[in-house]
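Student: I would like to learn how to read a model like this one. Please take me through its features one at a time.

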Amino acid sequence: MRIIYLDEPTYLPDSFVREMEKLGEFEVYDDRPDEETAVRRLSAADIAMVEWTPLRARMFRQIRRLQYISLVMTSCDLVDLEAAGAAGIPVSNCPVYSAQSVAEHVFALLLAVHRKIIKADALVRKGGSHIYGPFLASELSGQTFGVIGTGRIGQAAARIARGFGMKVIGTNRSGRPAEGIELKGLQELVRESDVISLHVPANNSTEGLLTAELLASMKPSALLINTCRGRLVDEGALYTLLKEKRLAGAGLDDVTTVRHNPLYALDNVVFTPGTAWYTRTAREANMEELLGNIQSYVQGAVRNIVNGEFLDGK
Ligand code: DAR
């Protein structure tokens, strides 16, 4: 059994490598391969872990030998899942490891925007002290926290919001109830929330989910927190609303264009570079979850499957 880690692991402890070596021949590639190289590597492996490399339909038409892919993360948008299924390759993700870390980061962003922490920090460094004027805020307690997506991360964020004394409302497409979250339609949720936090996967049906129209229907005093993919939001419309102060602020862990994004000029937005998940706890849990995926596959019981005909009833 040949097992590979296709592309530049963010974290790979020795203990993980040792476990992999018990299962077969294990090779780790420390770079991010181009398409051709990726196809070559994947065609010389039985099992692959993938962290960075987009795997497109045309690649699956060329890949030989490969039997199973485990994504290293929760998001599945790197892989053309249908094409993988058509090639007979089940794909798993790691759905649990970072839910709490991401939810905590939602509040890091939220409080940073809401209490203007970046601006306050800069003032203090310039010698400012006891300057109240620009920092007048409201208490989150009693405000409405709206989660779009009530899966693991949305629920973890909701629990923290309740700790702040916020009322939690949520929306999801399945209509499945979630504890402590009052379910609403998307439009209603957007109109009623003081804080909106997005927790849905990026795919064809969620791209641009927060349209210009929906964004314009948010309360002018509201905040948007996005720890998912930037492309879930109409970013141009978001920019205009924030610039014209028709929306109070945003906390963003991802944007659609990294270089020279117009949003960077706005001081009512706080950015982080995709670090919502990145805690020591989540990193360890990520390795445990990934190891479990590979071990399960080797033992003949695939888990956390995310593609097509292999779906295990999730
Ligand atoms: N998009 C997030 C973070 C990926 C982080 N990289 C990891 N876990 N190696 C996700 O979990 O999908």
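Student: Which unit do β3, helix α3 and β4 make, and what is its hand?

Tutor: β3, helix α3 (residues 57-62) and β4 make a right-handed β-α-β unit. A crossover counts as right-handed if, with the strands pointing away from the viewer, the path from the first strand over the helix to the second runs clockwise. Helices (H or I, at least four residues) and strands (E, at least two) are DSSP runs, numbered from the N terminus. This is a predicted model, in which local features need pLDDT of at least 70 and side-chain atom pairs count only at pLDDT 80 or more, while totals for chains, interfaces and linings use all residues. Residues are numbered from 1 along each chain as its sequence is written.

Student: How do I read strand pairing, and in what sense do β3 and strand β4 pair?

Tutor: Strands of a sheet pair through backbone hydrogen bonds, either parallel or antiparallel. Two strands are taken as paired if DSSP finds at least two bridges between them. β3 and strand β4 (residues 68-71) pair in the parallel sense over 4 bridges, and A48 stands opposite I69 in β4. Strand β1 (residues 2-5) also pairs with β3 in the parallel sense, over 3 bridges; here the partner of I4 is A48.

Student: Which other strand pairs with β1, and how does the chain get there?

Tutor: β1 pairs with strand β2 (residues 25-28) in the parallel sense over 4 bridges, with R2 opposite E25. Between β1 and β2 the chain passes through helix α1 (residues 14-23), and this β-α-β crossover is right-handed.

Student: How do the side chains of a strand lie, and which residues of strand β3 are buried?

Tutor: In a regular strand the side chains alternate between the two faces of the sheet. Strand β3 (residues 47-50) is covered on both faces: I47 and M49 on one side, and A48 and V50 on the other, are all buried. Buried means that 20 or more other C-beta atoms lie within 10 Å of the residue's own, exposed means 12 or fewer, and partly exposed is in between, with C-beta atoms placed from the backbone.

Student: Which way do the residues of β4 point, and are they buried or exposed?

Tutor: Y68 and S70 point one way from β4, I69 and L71 point the other way, and all are buried. β4 is joined by 2 bridges to strand β5 (residues 91-92), which runs parallel to it, and the partner of I69 in β5 is V91. The chain crosses from β4 to β5 through α4, in a right-handed β-α-β crossover.

Student: Why do the buried residues of α2 line one face of the helix?

Tutor: In helix α2 (residues 35-43), the residues A38, V39, R41 and L42 are buried. Seen down the axis of α2, these buried residues fall within an arc of 165 degrees, so they line one face of the helix; the arc is that of the directions from the helix axis to the C-beta atoms. The face turned away from the buried side of α2 carries the exposed residues E36 and R40. The cover over the buried residues of α2 includes β1, β3 and α3, where contact is counted when C-beta atoms, placed from the backbone, lie within 7 Å.

Student: What is the order of the open sheet of 7 strands?

Tutor: The order is β8-β7-β6-β9-β10-β11-β12, with parallel pairing. The edge strands, β8 (182-183) and β12 (269-271), each pair on one side only. Inside this sheet, strand β6 (residues 144-148) and strand β9 (residues 195-198) are joined by 4 bridges and run parallel, and F145 stands opposite V195.

Student: Which residues surround the ligand?

Tutor: T10, E51, V72, M73, T74, S75, S98, W277 and N286 surround the ligand. A residue is listed if its C-beta atom, placed from the backbone, lies within 6 Å. By class, the shell has 3 nonpolar, 5 polar and 1 charged residues. Here Ala, Val, Leu, Ile, Met, Phe, Trp, Tyr, Cys and Pro count as nonpolar, Asp, Glu, Lys and Arg as charged, and the others, Gly among them, as polar.

Student: Where is S75 placed, and what is it in contact with?

Tutor: S75 is in the loop between β4 and α4 (81-86). With 16 C-beta neighbours inside 10 Å, S75 counts as partly exposed. Leaving aside neighbours within four places in sequence, S75 is in contact with P201 and A202.

Definitions and conventions. Contact = placed C-beta atoms within 7 Å.
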